[in-house]
Amino acid sequence: MSGFGPGDPFLADCPARLAVELIADKWTVVVLYGLSKGPVRHGQLIELIGGISRKVLTQTLRRLEAHGLIRRHAYAEVPPRVEYELTPLGATLNDPIHVLTEWARAHGDAVLDALDAAPEPVAPGD
């Protein structure tokens, strides 16, 4: 028996599950962390994050904006300037992201050790 019941936050039709799926995306937490100190331009985020393509960053920013976690501000300047910042809703994730970051720092080596000790490669999602 799974223990899930009506109204459980992880059932398919619950808003909490949508939020968890959004946050669980590969780049979401990294982008939110990059915006946690204040407004940042697209190119600055690319440099700060590293390893993310411009296309994937743009897709991630659009998704976060559509879900109300970040705000895009386009300035009427030449050349055009666009900055991204956390909304008040997005800022509520700063503390949980900080806790997760501290956990990763404290336990990252143990996770890598367990991965090295695994008898065979593990596919993502297993």
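Contact here means heavy atoms within 4.5 Å. By that criterion, and leaving aside neighbours within four places in sequence, Leu32 is in contact with Leu64, Leu69, Ile70, Leu86, Leu93 and Ile97. This is a predicted model, in which local features need pLDDT of at least 70, side-chain atom pairs count only at pLDDT 80 or more, and totals for chains, interfaces and linings use all residues. Residues are numbered from 1 along each chain as its sequence is written, and side-chain values use heavy atoms, with hydrogens and water left out.

**Nonpolar core**
- A nonpolar core is a set of buried Ala, Val, Leu, Ile, Met, Phe, Trp, Tyr and Cys residues joined through side-chain atoms within 4.5 Å; buried means under 20% relative accessible area (1.4 Å probe, protein chains only).
- The largest such core has 20 residues.
- Val31, Leu32, Leu35, Leu57, Leu61 and Ile70 touch the most other members.
- At least two residues of this core come from each of α2 (28-34), α3 (42-49), α4 (54-66) and β3 (81-86).
- Helices (H or I, at least four residues) and strands (E, at least two) are DSSP runs, numbered from the N terminus.

**Packing of α3 and α4**
- Their axes, lines fitted to C-alpha atoms over the stretch in contact, are 11 Å apart, at an angle of about 115°.
- The two helices are therefore roughly perpendicular (65 to 115 degrees).
- From α3, His42, Gly43, Leu45, Ile46 and Ile49 meet Arg54, Leu57, Thr58 and Leu61 of α4.

**Cis peptide**
- Val78 and Pro79 are joined by a cis peptide bond, with omega about 0°.
- Pro79 sits in the loop between β2 (70-75) and β3.

Conventions
Buried means under 20% relative accessible area, exposed over 50%, partly exposed in between (1.4 Å probe, protein chains only). Axes are lines fitted to C-alpha atoms, for helices over the stretch in contact, and angles run from 0 to 180 degrees between N-to-C directions. Angles under 35 degrees count as roughly parallel, over 145 as roughly antiparallel, 65 to 115 as roughly perpendicular and the rest as oblique.
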